[in-house]
Amino acid sequence: MSRPAVCLAALFTALLAAPASAADPAPPTTAYASIAQLQQRMDAGTLDSRKLTRQFLERIRQIDQSGPALHAVLETNPDALQLAAALDAARRGKTRSPLYGIPVLLKDNVDTGDRMLTTAGSLALTDAPAPHDAALVERLRKSGALILGKTNLSEWANYRSSNASSGWSGVGGQTRNPYALDRNPCGSSAGSAAAVAAGLVTVAIGTETDGSIICPASMNGIVGIKPTLGLVSRSGIVPISHNQDTAGPLARNVADAAALLSVIAGSDPRDPATADADKHAVDYSHSLDPNGLKGKRIGVVRQLAGAEPNADRVLEQAIATMKAQGAIIVDPVALPHLSELGAAESTVLQYDFKHDINAYLATRTGLKVKTLADLIAFDQREAAREMHWFAQELFERAEAKGPLSEKAYTDALAKAKQLAGPDGIDAALAKDHLDALLAPSQGPAFVTDPILGDHILSGDPTIGGASQPAAVAGYPSITVPAGWTHGLPVGIVLFGAKWSEPTLISIAYGFEQHAQAWQPPQFLDTVEGKSQLAGSP
């Protein structure tokens, strides 16, 4: 599917503003550099934010819109080079955040009060930009980060149809996995994860309701952090559920993810869930301990394994690495009530989506759609463009729900939170005095199938994915690259108690330093196929 004109116009505006000598894309040493490495080069005067921005824009043109054609980036910021120049001019003598001058991509359900659109991947939201920055965007700009553009996503964050293909949207088409282009990037933060994996940007923002940071990070071979609900403000983010939604960082390493989380975490009066965030938000770089595994008690949740043999093999390798670095592994650990979460979660999301999307649409000016009912009608009118591959039965079920005062909703919400949190994760941690729980994040990326939708394997059909317990409880989780199968990355997920980000980051960093599992993508057409990028890194 072709991109809307606004996306190409934004990219060409940025490229035309660059001198002819900037035509070379970011070399692998820059494209895959860490935040610390980029800052060292900028401090040394061998790189600046404008040059880095030009290189990323050119890499987006050559890899995302040409060559492998990942379709990971919907739109680039038409003011990116001017913003970068201003940051460079103010850099000297300034006390700086680690993100100062670093380009960041945002999932396109995060509002920006600039010339870029915020569409959630839907053609229904393309009439006008959002009027204001989301709270996390305000924090990024204040830190000196440069908003490079918006990424493709599963339309409506994968909450339109249960038969959807992750990474597909009406605005941007199908995002592809940079490791094997016929494979899926998983959703719904598909574009953000694929862009980071492909070296189109250093770090990106994703969002998760259940699995939409953990799964794409794992299948694209990168790090993803799903924070505690309320650590990061959701103000200005297109919602699914105020009971489970959160934004979080995507990065190629734990240190970069920690740096990004440090900037976006904190209280915001516009989001009541963040009332206690300032009490818990810290500089997460202090948790980057190469010996972070030593003495940690980690429980293996075997109920969340067994779905895919390659993921199980990688899990065993990860456990061996953890033991070798001094972790105390408790195996197995039972996580109670896993099979009871799905039905309650589904009910809560249906009620929440109708309530929350109507409230969000009321904040958007210049749009013809004002309610979920309007969105349903829009898709019916635009069925050829919006419903060619899958329908909108989740929209329709949500629209049929009543107010949040209904007993069916309040009962389901109370049950979901109790069983996932106090009676689930908390109980498992307390029983064996654990610091964290461990499981495979997902199996290797499945082949993209727009007709039948995603092919995510489940060992026990009554149990959701490894992301579900923490997502429903509102507790933090982090996925880290852990191994490989047939050229595809496989990750592990660590999750724990509310506000336990420092502990999880310490464990993940300690594991990462010894596992050394990350590898750059080769942009193969299929597993063990031919590269679609000449001289690909």
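Asp411 and Lys407 sit 4 residues apart in helix 17 (residues 407-431), so about one helical turn separates them. Select both. They form a salt bridge, and their closest N and O atoms are 2.5 Å apart. Keep in mind that this is a predicted model. Lys407 counts as exposed because its relative accessibility is 59%. Asp411 has a relative accessible area of 38%, so this residue is partly exposed.

Select Arg115 and Asp79. This pair forms a salt bridge with its closest N and O atoms 2.4 Å apart. Arg115 lies in the loop between strand 2 (103-107) and helix 6 (135-143), and Asp79 in the loop between strand 1 (73-76) and helix 5 (80-91), so the bridge ties together parts that are 36 residues apart in sequence. Asp79 is partly exposed, at 23% relative accessible area.

Next, select Lys279 and Asp276. Here the closest N and O atoms of the salt bridge are 3.2 Å apart. Lys279 is exposed, with a relative accessible area of 66%. Asp276 is partly exposed, at 35%.

Then select Asp43, Arg91 and Arg96 together. A network of salt bridges links these residues.

**A nonpolar patch**

Move to the surface. Select Trp389, Ile451 and Leu452. They form a nonpolar patch, with about 340 Å² of accessible area together. Zoom in on Trp389. Where is Trp389 found? Trp389 is in the loop between helix 15 (383-386) and helix 16 (393-399). Its relative accessibility is 35%, so Trp389 counts as partly exposed.

**The second largest cavity**

A search of the whole structure finds 2 cavities of 30 Å³ or more. To see its lining, select Ser154, Glu155, Asn158, Tyr159, Arg160, Ser161, Ala164, Ser165, Trp168 and Phe390. Colour them by class. The lining has 4 nonpolar, 4 polar and 2 charged residues.

**The second largest pocket**

Now find the second largest pocket. Its volume is about 580 Å³. Helix 13 gives the most, with 3 residues. Colour the whole lining by class as well. The residues divide into 11 nonpolar, 12 polar and 9 charged.

**Last stop: helix 13**

Stay on helix 13, residues 341-361, and select Ala359. Is Ala359 buried, partly exposed or exposed? Its relative accessibility is 43%, so Ala359 counts as partly exposed.

Notes
Residues numbered from 1 in each chain as written. Predicted model: local features only at pLDDT ≥ 70, side-chain atom pairs only at ≥ 80, totals over all residues. Heavy atoms only, no water. 1 Å grid on protein atoms, 1.4 Å probe; cavity = no way out; pocket = protein on both sides within 12 Å on 5 of 7 lines; lining within 4 Å. Points joined across faces, edges and corners; volume = space filled by probe spheres on them. Nonpolar A, V, L, I, M, F, W, Y, C, P; charged D, E, K, R; others polar. Patch = residues over 30% accessible without salt bridge, like charges linked within 9 Å, V, L, I, M, F, W, Y side chains within 5 Å. Areas by Shrake-Rupley, 256 points an atom, 1.4 Å probe, with all protein chains shown as cover. Salt bridge = Lys/Arg side-chain N within 4 Å of Asp/Glu carboxyl O. Helix = DSSP H or I, 4+ residues; strand = E, 2+ residues; numbered from the N terminus. Buried < 20%, exposed > 50% of the residue type's maximum accessible area, 1.4 Å probe, protein only.
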